[in-house]
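Student: I'd like to go through this model with you. Can we start with the overall numbers and then turn to single residues?

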Amino acid sequence: MFTTKHQLVRYNKLDKCFQNFGKEYSIEDLLDSVNDAIIEFDPNSSGVEIRTLRKDISFMRSSSGYDAPIETIKGATGFYYRYSDKNFSINKSPLNNNEAELLKNAISILQRFEGSPEFEWINEIAPLLNDKFGLKNNENKVMSLESNIDYKGYYLITPIFNAIINKTVIKIKYEPFNTPEYEITFHPYFLKQYNSRWFVFGYNEYNDNSQWNLALDRINGDIEKTNNKYKEDTTNWNDFFEDMIGVSKGQDEQSEEVKLIFNKGQAPYIKTKPFHSTQKMKVLEDDSLEIRINVIINYELEMKILSFGEKVKVITPEKLALKIKERIKQQLKNY
């Protein structure tokens, strides 16, 4: 049985009504209370009828539901409903059979994911879930996510994630490429994966930058928790990444229109897998494809353009075209 959001709203409202020993709720009173709760949750809903309400009460009473001790009592003006146990609440009860089955199915699906550190926690709780719900460990995996299992920063994803959730200031020993190691006091805000590497964005106390990024594979050793006061984050990270490719962005950099032309052979791939979310396309007379995107000019953009080799040409801005041209010249010196 699939539990809808409206069902949960109904069950919780009925639970409150049955707990209220100061009022005698008739079936009509329960219907009015439940429909008020539904409409408050979803103004476009027309509520439910008594038949549905009676099914809800029956389900709550059943062993498949909550084993709720709901009594039907004859009062002075008719029958009313309440719990026989004043201390009972469905929110104090363990999972019912239906909820347990839904959780079992959800965990079973998650266990089929492979190759992604985001689901590492599943491996930690799997033994408990197997014992509680009888999950099987030999399910065939149906999805594999691209991941570098030898990635140096892999072990830091969970502790940094926890630091973000718990708003904890951390100390990190950081060693950029070609630069000596140094220590940084950091307020982590956001984790991002790009090109099989992980980066954490946050506030760098040393340079007072709230959008500083650190590559996890350049962090040495474990992170150290501090008791420093956490600086709250006000960044909308979806907006922050909207005008860029990758993770490199200066504080005052603005996006620019970039015009590229892909040859006939590459054009179909760019149509089906856009270069960037701002992409606008125009098919030219020779079946090549002109695209325009609005992005920050950064290192990752240059690398992505170079990855298409002879199949792409930068038209504008000129400074980007010159950078790509110079990189190609330097590359030729290797051959």
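Tutor: Accessible areas here come from the Shrake-Rupley method with a 1.4 Å probe, and for residues only the protein chains shown count as cover. The accessible surface of the protein comes to about 20,800 Å². Carbon and sulfur atoms hold 48% of that surface.

Student: What kind of model is this, and which pLDDT limits apply?

Tutor: This is a predicted model: local features need pLDDT of at least 70, side-chain atom pairs count only at pLDDT 80 or more, and totals for chains, interfaces and linings use all residues. Residues are numbered from 1 along each chain as its sequence is written, and side-chain values use heavy atoms, with hydrogens and water left out.

Student: How many helices and strands are there in the protein?

Tutor: Ten helices and 13 strands. Both are DSSP runs, numbered from the N terminus: helices are H or I with at least four residues, strands are E with at least two.

Student: What share of the residues is buried?

Tutor: Buried residues make up 38% of the 335 in the protein. Buried means under 20% relative accessible area, exposed means over 50%, and partly exposed lies in between (1.4 Å probe, protein chains only).

Student: And what part of the contacts is between residues 24 or more positions apart?

Tutor: Among contacts with a separation of 6 or more, 59% are between residues 24 or more positions apart. A contact means heavy atoms within 4.5 Å.

Student: Salt bridges next. What's the count?

Tutor: A salt bridge is a side-chain nitrogen of Lys or Arg within 4 Å of a carboxyl oxygen of Asp or Glu. By this rule there are nine.

Student: Which residue forms a salt bridge with Arg10?

Tutor: Asp56, with the closest N and O atoms 2.5 Å apart. The pair links distant parts of the chain: Arg10 is in helix H1 (residues 5-19), Asp56 in helix H3 (residues 50-61), and they are 46 residues apart.

Student: Is Arg10 buried or exposed?

Tutor: Arg10 is buried, because its relative accessible area is 7%. Asp56 also counts as buried, at 3% relative accessibility.

Student: What about Arg197 and Asp217, how far apart are N and O there?

Tutor: Their side chains meet in a salt bridge at 2.9 Å, N to O. Arg197 lies in strand E7 (residues 197-204) and Asp217 in the loop between strand E8 (209-215) and strand E9 (219-225), so the pair ties together parts that are 20 residues apart in sequence. Arg197 is partly exposed at 26% relative accessibility, whereas Asp217 is buried at 8%.

Student: Which residue does Glu256 pair with in a salt bridge?

Tutor: Lys319, with the closest N and O atoms 2.7 Å apart. Glu256 sits in strand E10 (residues 256-262) and Lys319 in helix H10 (residues 318-332), so this bridge ties together parts that are 63 residues apart in sequence. There is also a network: salt bridges that share partners join Glu257, Glu290 and Arg292.

Student: Changing topic. Which residues form the negative surface patch?

Tutor: Glu28, Asp32, Asp36 and Glu40. Patches are made of residues with over 30% relative accessible area and no salt bridge; like charges are joined within 9 Å, nonpolar side chains (Val, Leu, Ile, Met, Phe, Trp, Tyr) within 5 Å. Lys and Arg count as positive, Asp and Glu as negative, while His and the chain ends are not counted. The place of a charge is NZ of Lys, CZ of Arg, CG of Asp or CD of Glu.

Student: Where is Glu28?

Tutor: In helix H2 (residues 27-41). Glu28 is partly exposed, with 46% relative accessible area. Leaving out residues up to four places away in sequence, Ser33 touches Lys13, Cys17 and Tyr25.

Student: Backbone now. Which residues does the cis peptide bond join?

Tutor: Thr316 and Pro317, with omega about 0°. Pro317 is in the loop between strand E13 (312-316) and H10.

Student: What is the phi of Asn178?

Tutor: Positive, about 65°, although Asn178 is not a glycine. Asn178 is in the loop between strand E5 (170-174) and strand E6 (182-194). At 83% relative accessibility, Asn178 counts as exposed. Asp67 has a positive phi too, about 50°, and lies in the loop between H3 and strand E1 (70-75).
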